[in-house]
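These are my notebook entries on a two-chain model. I set down what I looked up, entry by entry.

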Amino acid sequence: MKRFRAWLVRLAGLRPGGRRDRELTDEIEANLQMHIDDNLRSGMPPEQARRHAILKLGGVEPTKEAYRDRGTIPFLENLMRDTRFAIRHLRKNPGFACTAVLVLGVGMSASVAIFAFVDATLIKPLPYRNPAGLVGLFETVQFCPRCPLSYPDYLDWKKLNKVFTAVDAFEGNGLTLRTDSGAEVVGGALVTAGFFKTLGVAPVLGRDFRAGEDSPAAPRTVILSYAAWQKRYAGNAAALGQTVTLNGDPSVIIGVLPQDFHFAATGPAEFWTALHTTSNSCYPQRGCHSLHGLARLRDGVSVQTADANIKLIAGELEKEYPSNRGQGGSVISFTELEVGRIRPILIVLLCGSGLLLLIASVNVTSLVLVRAESRRREMAVRSALGGSRARLAGQFVTEAVVLVAASATLGLVSAKWLMRLLIGLIGADQMAAMPFLYGLSLNLRVLAFAAAISVAAAAVLSIAPAWRSFLPDLRKGLAEGSRGSAGTTWRRFGANLVVLELATAVVLLVGAGLLGKSFYRLLHVDMGMQPDHLATLRIAEPDATRGNNAKVVALAREMISRTASLPGVQSVGISTTLPVHGGNTMWIRVLGHAFHGEHNEVGYREVSSGYFTTLHAKLLRGRYFTEADDASKPPVVIIDRALAEKYFPGENPVGMQMAYSGATSPPMQVVGIVEDIKEGALDETTWPTLYVAFNQDPDDHFSLIVRASNGEQALLPTLAAAIRRIDPGIATFDPRTMRGIIDNTPAAYLHRCSAWLVGGFAFLALLLGTAGLYGVIAYSVSTRTREIGVRMALGAQRGTVYRLILKEAGWLIASGIAIGLGCSVAAATLLRDLLFGVRSADPEILMGVAVVLGVAALLASYIPARRAASVNPVDALRAE
Amino acid sequence: MNDKTDIWQGTLALMVLKTIESMGPLHGYGIARRIEQTSGNLLSLNYGTLYPALLKLEQEGCIASEWGVSENNRKAKFYKLTRTGRRQLAKEARDWQQATAILARFLSPSGDAA
């Protein structure tokens with residue numbers, strides 16, 4: 001306590017001001033006088049009296065110094081003096097200070113912002129108990145490594161496994177909620193009773209599902225998400241015990257989930273209901289795969305061990321049930337499932353921002369070095385006056401720290417901005433798929449990262465000039481005109497830095513080029529349709545028609561005709577699943593071909609007669625469906641080119657018959673072949689697809705697709721209103737344009753984000769790299785003014801001077817580009833997984849980057865070259 | 001052997017506190033002289049070392065200072081004991097006595113050596 005008080009007083013002593021000093025002088029003087037008086041009284045001669053007193057004191061100045069050291073904290077006092085000096089120094093050079101702080105701040109802000117995303121995604125643990133012990137369970141078939149489970153398989157895996165403490169199943173699904181005004185489709189999830197226990201999440205209000213609450217006989221219960229509780233019940237605890245009607249079933253609200261709970265795999269679900277085997281006609285069938293498995297590993301069991309166990313069980317089930325033929329199993333770490341997709345992009349972005357920070361630091365380092373060069377005399381003088389090397393180096397360190405501190409402040413503030421901007425760019429749809437990004441913040445880990453890069457930057461900035469200033473003997477700095485030799489040394493060192501900058505810029509430019517090109521390729525992939533001017537709306541028919549095919553078809557026809565009569569609508573079609581969404585699959589067989597129970601899995605859609613014409617698909621053979629293809633006629637199907645080529649090689653499928661692989665399936669006649677439509681993800685090869693006539697095999701959930709002559713965005717609300725006028729019990733949701741859907745697919749979105757961000761980094765890198773080159777060449781010209789003057793006085797032409805300067809720049813540019821291209825070919829292999837339709841060593845991109853950087857760099861060096869060539873020899877010789 | 005001994009590390013503060021306690025408010029020179037006298041001139045004090053020690057005690061709140069006039073009419077800075085200083089003095093004196101008593105037992109010839 002006492003010691004602490006003393007430290008405080010000493011800290012307070014740091015305040016500048018000479019009062020304490022003066023007081024001490026007075027005190028010592030007074031005491032000395034008393035001593036002298038005493039000495040005189042004891043008979044000493046005056047001279048000796050004084051001498052004796054001073055000797056006894058041990059000297060006035062040493063006493064004062066010892067006192068001063070005790071009065072403050074000497075190290076801190078030096079530091080403050082250095083800091084004040086550094087700030088004064090920077091203030092006197094506002095151009096240098098602003099440039100350095102801005103450049104470094106931009107580099108830091110990009111790195112910090114990207115790191116915050118990395119932190120929220122890859123470092124911050126998911127909001128479940130011991131997330132490392134959670135795994136996802138999947139069935140695997142050829143071409144589908146992560147396929148959903150069937151309910152019977154889930155039960156068998158749960159029973160037979162030896163590696164899990166708990167196995168649960170879930171399915172994200174839209175639920176139709178009956179409301180006062182009609183019906184609304186809400187995000188929902190069906191989960192088995194132990195689901196939340198397995199996750200280790202407890203409701204903040206009410207209770208969790210009880211064991212057995214998912215059995216068919218149990219009454220229906222539902223747990224609300226926190227958001228739904230706030231939105232629909234204003235956070236009122238009275239919500240518990242109330243009944244809501246979901247998909248026609250009255251369900252009692254039993255609990256509310258915590259606010260920070262999120263679960264990307266189901267989408268943003270508001271209502272979590274217990275999964276009953278009767279909830280879906282699909283569940284009892286072993287061949288119907290709709291569930292995702294979630295399990296918790298036993299202590300000490302690795303994902304690999306669990307995977308092997310599940311594969312073994314899947315193998316046994318395969319032997320036992322024909323429907324499981326060709327089906328394996330797979331166990332994947334749950335964290336990997338949630339964030340695996342964006343991990344490579346984040347790593348690329350982090351590397352990109354790191355390279356940008358590198359360029360920025362190098363750029364500022366060369367600025368600092370130029371300044372250190374011009375301060376050689378100052379340093380030499382200080383050294384000659386007794387400044388120790390440590391003290392002089394300390395000055396550089398302090399200046400670097402002041403610069404970096406200012407940059408870091410700027411960087412943090414703008415990182416906060418940048419993060420908000422990026423979140424804004426992500427959009428609601430993608431945030432729902434990446435809910436962990438809601439945890440994005442400048443937390444302690446991010447601040448620690450910022451501190452670490454600041455320390456690194458400060459080290460780079462202070463070591464370079466401190467080391468440089470000690471290279472040749474300092475005293476040389478005092479000699480007049482010694483700048484020439486020092487200038488040469490610096491020019492060599494600075495030139496190396498510029499080559500490094502240019503090479504880094506090349507790497508970033510190549511990365512941006514590759515990502516940009518693959519984004520372009522992705523958006524211009526052959527869709528097999530014209531996605532412009534299409535409006536879409538998802539529909540859930542009312543409870544009243546559900547399960548009655550004739551009523552479902554009649555209502556769908558009514559919707560089509562009402563929609564078609566809206567102004568600006570050219571044509572209307574419906575499909576159970578929209579393009580680029582993937583969707584269900586079926587096992588088929590071709591009648592007349594040998595069949596031994598193989599699983600010929602094809603994509604599957606129920607579409608109306610207007611579907612293909614509305615999409616502007618291309619008919620290859622046969623015909624499209626007509627309204628006449630209804631339940632009264634034998635079933636007809638249309639296949640795409642991929643299916644025709646795979647299952648009808650060398651045959652004309654039109655007129656041939658096929659069936660589902662089940663024994664009871666009626667034969668279906670192929671009436672037409674269409675060119676492949678992008679029904680699945682943009683970046684995946686098209687899966688063979690089978691189209692079934694909607695009127696023959698309807699579904700109460702489907703999407704309307706409307707081709708508008710113009711203004712499809714404005715059509716969306718009109719569309720929903722027109723549908724609900726038919727029957728308020730019809731739930732409409734997800735009104736979107738086809739372009740919007742394509743732009744928001746994860747593939748397009750992730751490509752766009754990475755292309756834009758890396759593009760931004762690359763642009764800044766180009767700017768900084770050329771600015772760095774300009775700096776080096778301009779400095780070189782300024783130190784060679786006299787030489788150039790002499791050359792011109794001796795008859796050198798302007799052209800010669802240009803050549804002299806541009807040759808120097810050309811060397812730097814050429815080596816920067818050459819090294820950069822070499823590095824980028826290596827770096828691009830890291831990007832391989834993110835590229836679509838582009839090779840990692842794309843010659844067009846490499847050439848393009850070389851040209852762009854070369855031209856920009858030559859322009860940057862042309863300016864100082866021009867200045868050099870316009871030197872007036874007489875002035876140049878007179879100078880200095 | 002030297003006839004005058006240097007001050008042991010850490011004991012100067014205790015001597016200063018004790019001196020001020022027994023003498024009342026006193027200036028630096030007076031404290032230094034008094035310490036030498038009390039030691040029977042066996043201690044040789046470098047007066048300059050006294051100022052940082054006084055400053056340290058003041059920073060710790062053991063003593064307080066104010067300007068006054070000395071016996072022969074010179075303006076001087078006087079130090080007096082604070083309550084904290086009194087407590088500190090009592091504690092340090094006790095510790096010191098204990099330490100010397102222990103050492104004395106070791107060094108006394110009549111100790112019950114085995």
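Entry 1: I recorded A:P152 as partly exposed because 19 C-beta neighbours lie inside 10 Å. The cut-offs I used are these: a residue is buried if 20 or more other C-beta atoms lie within 10 Å of its own, exposed if 12 or fewer, and partly exposed in between, with C-beta atoms placed from the backbone. From A:P152 to A:S609 I read 36 Å, C-alpha to C-alpha, across 457 residues of sequence.

I note here that the model is predicted: local features need pLDDT of at least 70, side-chain atom pairs count only at pLDDT 80 or more, and totals for chains, interfaces and linings use all residues. Residues are numbered from 1 along each chain as its sequence is written, while chains are lettered from A and ligands numbered from 1 in the order in which they are written.

I then turned to A:Q395, which lies in helix α14 (residues 389-433) of chain A. A:Q395 is buried, since 24 other C-beta atoms lie within 10 Å. Its C-alpha atom is separated by 16 Å from that of A:N93, 302 residues apart along the chain.

A:L764 counts as buried because it has 20 C-beta neighbours inside 10 Å. Leaving aside residues up to four places away in sequence, A:L764 touches A:V106 and A:L356; contact requires C-beta atoms, placed from the backbone, within 7 Å.

**Entry 2: nonpolar cores.** Which residues touch the most other members of the largest nonpolar core? I found A:L502, A:L508 and A:A765, in a core of 224 residues. Such a core is a set of buried Ala, Val, Leu, Ile, Met, Phe, Trp, Tyr and Cys residues joined through C-beta atoms within 7 Å. Helix α16 (residues 483-523) of chain A supplies the largest share of this core, 18 residues. A second, separate core has 26 residues, including A:A53, B:L26, B:I31 and B:L55. For A:A765, with residues up to four places away in sequence not counted, I listed contacts to A:L355, A:L356, A:I359, A:T504, A:A505 and A:L508.

**Entry 3: strands of chain A.** Strand β16 (residues 600-607) of chain A is joined by 4 bridges to strand β15 (residues 585-590), and the two run antiparallel; strands pair if DSSP finds at least two bridges between them. There, A:T585 has A:G603 as its bridge partner. β16(A) also has 5 bridges to strand β21 (residues 689-693) of chain A, running parallel, and here A:R605 is partnered by A:Y691.

**Entry 4: chain B.** I counted 4 helices and 3 strands in chain B, in the sequence pattern α-β-α-α-β-β-α. Of its 114 residues, 28% are buried. Its strands form an open sheet in the order β1-β3-β2, with antiparallel pairing. Why does one side of β1 (26-27) and of β2 (63-69) lack a neighbour in the sheet? Each stands at an edge with a single partner strand, so one side is left without a neighbour. β1(B) is joined to strand β3 (residues 75-81) by 2 bridges, and B:L26 is partnered by B:Y79.

I next examined helix α1 (residues 11-23) and helix α2 (residues 28-38) of chain B, whose axes come within 10 Å and cross at roughly 100°. Axes are lines fitted to C-alpha atoms, for helices over the stretch in contact, and angles run from 0 to 180 degrees between N-to-C directions. α1(B) is therefore roughly perpendicular to α2(B), a label that covers 65 to 115 degrees, against under 35 for roughly parallel, over 145 for roughly antiparallel and oblique for the rest. The contact uses B:M15, B:V16, B:T19, B:I20 and B:M23 of α1(B) with B:I31, B:R34 and B:I35 of α2(B).

**Entry 5: between the chains.** I found 23 residues of chain A in contact with 20 residues of chain B. On the side of chain A, α2(A) gives the most, with 8 residues.

Technical notes
Two residues are in contact if their C-beta atoms, placed from the backbone, lie within 7 Å.
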